[in-house]
Every structure is written in C-alpha cells, then in structure tokens.
Amino acid sequence: MDLGDIQISLLLASLIVAATPILLAALGELIVEKTGVLNLGVEGMMIFGAIAGFIATIETGSPWVGFLFSILGGASIAFIFALVTQIFRANQVASGLALTLFGLGLSSLLGHSYTGIKPAAFSDLHIPILSEIPILGVILFQHDPIIYFSILAVAAVYFLFRNFRLGLILKAVGENHDSAHALGYNVIVIRFGAILVGGAFAGLGGGYLSLVRVPQWTEGMTAGAGWIALALVVFASWQPLRLLIGAYIFGGVTLLQLNLQALGLEINVALLSMSPYLVTIGVLVFMSARRSRGSLEAPRSLGKTFFGL
Amino acid sequence: MLRFEPRKNRSKFLEISAPIIAVIMTMIFGGLLFYLMGKNPFEAIKLIFWDPVMSPTFSEYSRPQLAVKAAPLILIALGLSFGFRANIWNIGAEGQYIMGALASGSIGLALYPLQAWYIFPLMIIGGILGGVIWAMIPAILKIKFNTNEILVSLMLVYVAEQILALASVGFLRNPEGLGFPGSRDLSKYSSAANPELISGTGIHLGVISAFLGVILLTYFLSYHRTGFHIKLIGQAPRAANFAGVDLRYIIIFCLSLSGGLAGVAGMFELTGPAGLINIDFNVGYGFTAIIVAFLGRLNPIGILLAGVLMSLTYVGGELAQFMMNIPAAAIQVFQGMLLFFLLSTDLLVTYKISFKTSIRK
C-alpha cells in the first residue's frame, strides 16, 4: 500500500464515511437517554431505516427521497417503542429488544426482492474554496451532504443541552422525572417526542449505510452497528462532542480492519472481523472502570418508567 | 385521564390471560400483515398454529419438529428468566449457545473415532463449560468494572459467530470433507451422537433435559434461598440490599445458569438435529428464547408452554413458507409483535387502570 499523503487523506476521508452511520444513530440515542429513556432498539430502527430508504431510492430514483424515508421509517418504528414504553409503561429493556427483533424481521421481509440492486448514486458536495485546501480539503470538505449534516447535528445537540431552555427541560426529565413532573412538564410527552427524534436519527444512520456506505441492501446489514452506537453513548459519557471523537475512532478501527483484510496479510479474516466488537468491549470496560471511582454521568432516571400522570 | 394504581396482589386471572390476549392480538395483527402481503390470513394462521399438530398430511413431519425446536428454546429461556427476574440482562445467549456447541464439538472431534461410554458425558460437561465461560466474561466485567452486561454479552455474540466461522473452515473442518466448510457429522459418530430416543416423536436427550430443567428450576425458585433472593432483587431491590443479598454472587449465579443452559442446548443441538458444526449452525434460538422467557412470564412452567408455542410458530412458519410462499422473515416479525403485545399487556397485570379525572385538592 502506498502511504503517500494522498492515500492517507483519502483514508481519513473514508474513515468519516465509515463512522457516520454509527455517529447519527448514537446521537439520536444520546438525546433519548438524556430524557431518561433507554431504547435498546437502535439496531432495529437502523436496519428499518436502511431498508425504508433503500426501497424509496430504488422506486423514485432519488436518494434525497430515500433519506427522507429513512428518517420517517426510523421514527415510525420508534413510535411503537414509544407507545409500548410510555403509554403502556412496559419494561424498556425488553421493549428495546423486541424492537430490534421486530425491525430485523420486518426489514428482511420488505427487502426480500431488493437484494443485489445498486441504488442511485448520492453525489458529493464539494464546498467551494474550502475543498481546495490541500489534504485537509480532501479529508473534510469533499463529502456528501449527510456527513456535513451529521457534524452540524452534533454541534446543534451540544448547544441544545448547553445553551437552550429545551435542553435543560430534556435533562431535567432525564435526571428526575418526578421533579420535572412536579414542575409542570409533561414527562410522557417529552419522552415520547425524544424517542421519535432518536428513531429518526437511527433511521437516517441506517439509510446512510444502505445508500452511501455500502451501498446495497443485504439482510441484517447493520451487523451490530446499532449496538455499537449504544456502547458509544456510554463511551461518550452522554456528551455530544466526545461522541463525535468516539465515532471517528471507531470508524478508524473498522476501516483499518477492512484495509488489512484487503491487503491479505497473514492475520486471519475472522480475527479481524471480530476486532470492532472486541474494541467496543475494551472501551466499555475502560470507561466503566474509570467511572466506578468517580461520579456517574448517566442520567439518573435512565431506564426507569414514569408512572405518574 | 388515565390513572395507574399498583395492584396489591398481581391479578392471578390476568396473569394467565394476559399472554393469551397477547397471542390473540398477534394473530390479528399478523393476519393483517399476511393480508397486506396478498396472502389469505385465515389460511396462513391456520397453517402456522393448527396444521403442524392437527393436519393429517403435515403432522407426521411437524410433530417431532415441535419437540426438537422447543427443547433449545426452553433450555435457554429457563436460564435467562432467572437473570431477567433479578435485572441481570444476558442477551448474548446466542453466543453462549455457539460456544457450548464448539467446546463440546471440539471434545468429540478430538476423540474421534474412539468408541467409549464417557465421550458423551464429557461433551455435555464441555458444552456447559463452554457456555459458562463465555457468560463469565460479562459477569466478571460487571462485577469488577461495573460494565454493562447487555452490551458486552451482545458483542460477544458477534465474536462467537466469527469463532464459529473460523472453526468451520479451519480447525474443526472435516479432513475428509473435500475442502468444504463444516465438521464431521457428530450425529453419525455413535459415541457422540444424541439420537431420537423414541422414533417419530423427535424426543432426544435435550428434550428430556428441558423437562428436567423445568421441574428442577420450579423447585429451586420456590424453595431454595438463592431462588428467593433472585425474586427479592427483582421485586424489592432495597429490601434485598438490607437483607444482605450478595449481588455479586447473584450475578455470577444467573449468568452461569443461563450460559450453562445455553451451552448445553448448543451441545444437544450439535450432536442431534444439526449434526455438524458449520457457519450457519446458529439459527437465532438464543434471541427467540428472550421472547420465550417473557411469554412464559419468567416462570419455568410458563416457559415450557411458551417454548412449545414459539416452536409452533417456527414449524408452522416453515409450513407457511413451503405452502404459501410466506418468507421466513414474516415469522420473525410475528414473534417480535408477540413480544410487544406481551409487554404491553403486562401493565394490566401489575397496575389497575382507571379513566377517572384526577382529583385536585
């Protein structure tokens, strides 16, 4: 492999592409968890977004319509989770698992006749002037619009929780739903909304996977990306900027692993394929070991059902 | 406005009827799904729930399959239910199932073609240990570092799948298999085989173990101190804490139990119905068992019934696939729906719901 500077900048650029599906899904989950809801159905929402967007793109020929449907798909399947956990007050862990099983099944059902087709290409948007910068231009400014959106969304979520009243309300609901309720906020409505937003992000992440990252539809193509997104939220200690860093580190590991496979080194393919999961476990251990000594950054009401009203 | 009042005692009547309501709701919505797919919903539902047992043409094949598919589901779900009661979420049973099969398969294949009585028991121990060791990873990480066991156990499923792939094309591949992936057929190696005991019933040692497991664990949950502690943690964690329940011990216990049962389920599957280790050895029993555990209300006898019902959807689903060209994924959707309805109806059991307007003081 030529390790000239062009190669490395291309590698870094594709690292960002590799990380974006997980980044989007994790960002959505971060918002959800900030309001105290643990939605373990990210994998299901992602894969449903992936197939919804894929079908829409094939049928209309426009990736933009595809992404819209990914978002709607993710949100609509998240609606079921919201209904079950917020209205019927079911256990969040079990409901999240149900969402994943349901999403995986429904997506392979819908995607049955869509395997092996290539979707319409999604063109890159080279940002004028900035994309001309040597090296940095290739890495950062010659991407497709969804990547720019994902980075802007991280910034937006960062400022939402730091500078805006709405962010504070979301956090209040997540930290102590009884107090938030006493203050007059409608815990159920706020959480319901957050779950839908989280689903939309996960759906978009899935759509990015099937429309840009791969781009193709294969059954179970998320292959644990949703679960890794969940782990990433823990890694990031519920902070958006750390989430960005974490996602790009993870994108790097995935890419490195794929590149090593392509190089056909003596390292076994199976060992390389399991490396992203092992890295995730390692990171989880590292983060939780550090945290068990210090303060717990998780929202206090995380995973607890609100029975007031 | 909706109001929720916790019931003093869980309603016995609803406890039993809630799963039935959920099953009926799933049939209705599943029927709707089949209708949308352009299939006759009544025919499909009948094919899934009725024909495998009652149809004279299909039942000869389907009835034994019912036992074969229910056994791993029941074994795995029994183990999981203990953890779920105590809020210990092992969702990586699929991985423990694979590792149990790999460990026992390695023992059997290493001793091939030796014929001896001790090979099969040794493989059972291997299967249990394989599952237990794989489940000990999330357990120890949880105890030592407070790492989330949900994510770790799930990640280990993907790792186990890669090891399975590695084994089927590498270290466990059949040397006489002309280079195709997959190990020797253990069901044809008499010292390691787990054959059908009564012909035409599908009953093998795994099925018998599942029954034994139900009896033993029912007893354990009701009369053993650890069983009581597990129930206590689930219902009143603070009380459990005051009573001096050692949470670390409970974590180790619940994960060993679920890992061991998943591992031994993998062992029975490998030496019987599956026969050999191959890339597609695992078919999702570890995940479906989660539904079985909930459908059975985390109760061993309930799990027995739920396992049979879930097995019915598998066997019936195959029939529907064969006769009506309904894809296998539709059955997965069906099972997902069932879990949603179950969880939703749970509210009826634990809470009294009234539509009164809230009284303001």
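Student: Where is the place of Pro113(B) in chain B?

Tutor: Pro113(B) sits in the loop between α5 (93-111) and α6. Helices are DSSP runs of H or I with at least four residues, numbered from the N terminus. This is a predicted model, in which local features need pLDDT of at least 70, side-chain atom pairs count only at pLDDT 80 or more, and totals for chains, interfaces and linings use all residues. Residues are numbered from 1 along each chain as its sequence is written, while chains are lettered from A and ligands numbered from 1 in the order in which they are written.

Student: What makes the bond that joins Tyr112(B) and Pro113(B) a cis peptide bond?

Tutor: Its omega is about 0 degrees.

Student: Why is Met123(B) called buried?

Tutor: A residue is buried if 20 or more other C-beta atoms, placed from the backbone, lie within 10 Å of its own, exposed if 12 or fewer, and partly exposed in between. Met123(B) has 29 such neighbours, so Met123(B) counts as buried. Met123(B) belongs to helix α6 (residues 119-145).

Student: What makes Asn325(B) exposed?

Tutor: Asn325(B) has 9 other C-beta atoms within 10 Å, and the limit is 12 or fewer, so Asn325(B) is exposed. Asn325(B) is in the loop between α13 (300-324) and α14 (328-350). Its phi is positive, about 60 degrees, although Asn325(B) is not a glycine.

Methods: Helix = DSSP H or I, 4+ residues; strand = E, 2+ residues; numbered from the N terminus.
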